[in-house]
Amino acid sequence: GVKNTLYKCTSDKWTIGVGRNLEDVGLSEEEIDFLLLNDIIRTKDMMDSYLPWHTDLDEVRQEALINFVFNVGIGTAQKFKNAMTSLEEGDYDAAAEHMLDSAWARQVGDRAIEITDMIKTGEYQ
């Protein structure tokens, strides 16, 4: 059969799909890239539905927001009301400050700095 979530096989190994033993076989670089591309597409689709204004942002800020939403999920991103409002209004400094003033920023450290620097400057870090 096919299982789209992790399960323990009869040998007590973490497995997925049609018997892919993730503990012993793992994933190739190509498979990891394929998964990431699909995750980015799924994240963008969610943003199109819940944060439709994201397409008005420049490319760098869109990618920063994709990174953030991918990391926290769309539900949590929507809870960053002040940050999302500031971002939508083009107040990038305020958006970054609101994001940095959160448990998320304290938990992810450098990732938060990279994302918020991209939001503030509109430049890749």
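1. A word to start with: two residues are in contact when they have heavy atoms within 4.5 Å of each other. Keep that in mind as you look around this structure, which is a predicted model.

2. Let's begin with helix 5, which spans residues 92-100. Its buried residues are Ala-94, Ala-95, Ala-96 and Met-99. What covers them? The cover includes helix 2, helix 4 (81-89), helix 6 (103-108) and helix 7.

3. Two of those covering helices also pack against each other. Two packed helices are described by the angle between their axes and the distance between the axes. For helix 2 (residues 59-72) and helix 7 (residues 110-121), the angle is about 150 degrees and the axes lie 8 Å apart. Because angles over 145 degrees count as roughly antiparallel, helix 2 is roughly antiparallel to helix 7. The crossing of helix 2 with helix 7 is left-handed.

4. Which residues meet there? Helix 2 brings Val-60, Arg-61, Glu-63, Ala-64, Asn-67, Phe-68, Phe-70 and Asn-71, while helix 7 brings Arg-111, Ile-115, Met-118, Ile-119, Lys-120 and Thr-121. By type, the residues of this contact are 7 nonpolar, 3 polar and 4 charged.

5. Finally, have a look at Gln-62, another residue of helix 2. Leaving aside residues up to four places away in sequence, Gln-62 touches His-54, Thr-55 and Leu-57. How far apart are the C-alpha atoms of Gln-62 and Glu-23? They are separated by 35 Å, and the two residues are 39 residues apart along the chain.

Methods
Residues are numbered from 1 along each chain as its sequence is written. This is a predicted model: local features need pLDDT of at least 70, side-chain atom pairs count only at pLDDT 80 or more; totals for chains, interfaces and linings use all residues. Side-chain values use heavy atoms; hydrogens and water are left out. Axes are lines fitted to C-alpha atoms, for helices over the stretch in contact, and angles run from 0 to 180 degrees between N-to-C directions. Helices (H or I, at least four residues) and strands (E, at least two) are DSSP runs, numbered from the N terminus. Angles under 35 degrees count as roughly parallel, over 145 as roughly antiparallel, 65 to 115 as roughly perpendicular and the rest as oblique. A crossing is left-handed if the near helix is turned anticlockwise from the far one by less than a right angle, and right-handed if clockwise. Ala, Val, Leu, Ile, Met, Phe, Trp, Tyr, Cys and Pro count as nonpolar, Asp, Glu, Lys and Arg as charged, and the others, Gly among them, as polar. Buried means under 20% relative accessible area, exposed over 50%, partly exposed in between (1.4 Å probe, protein chains only).
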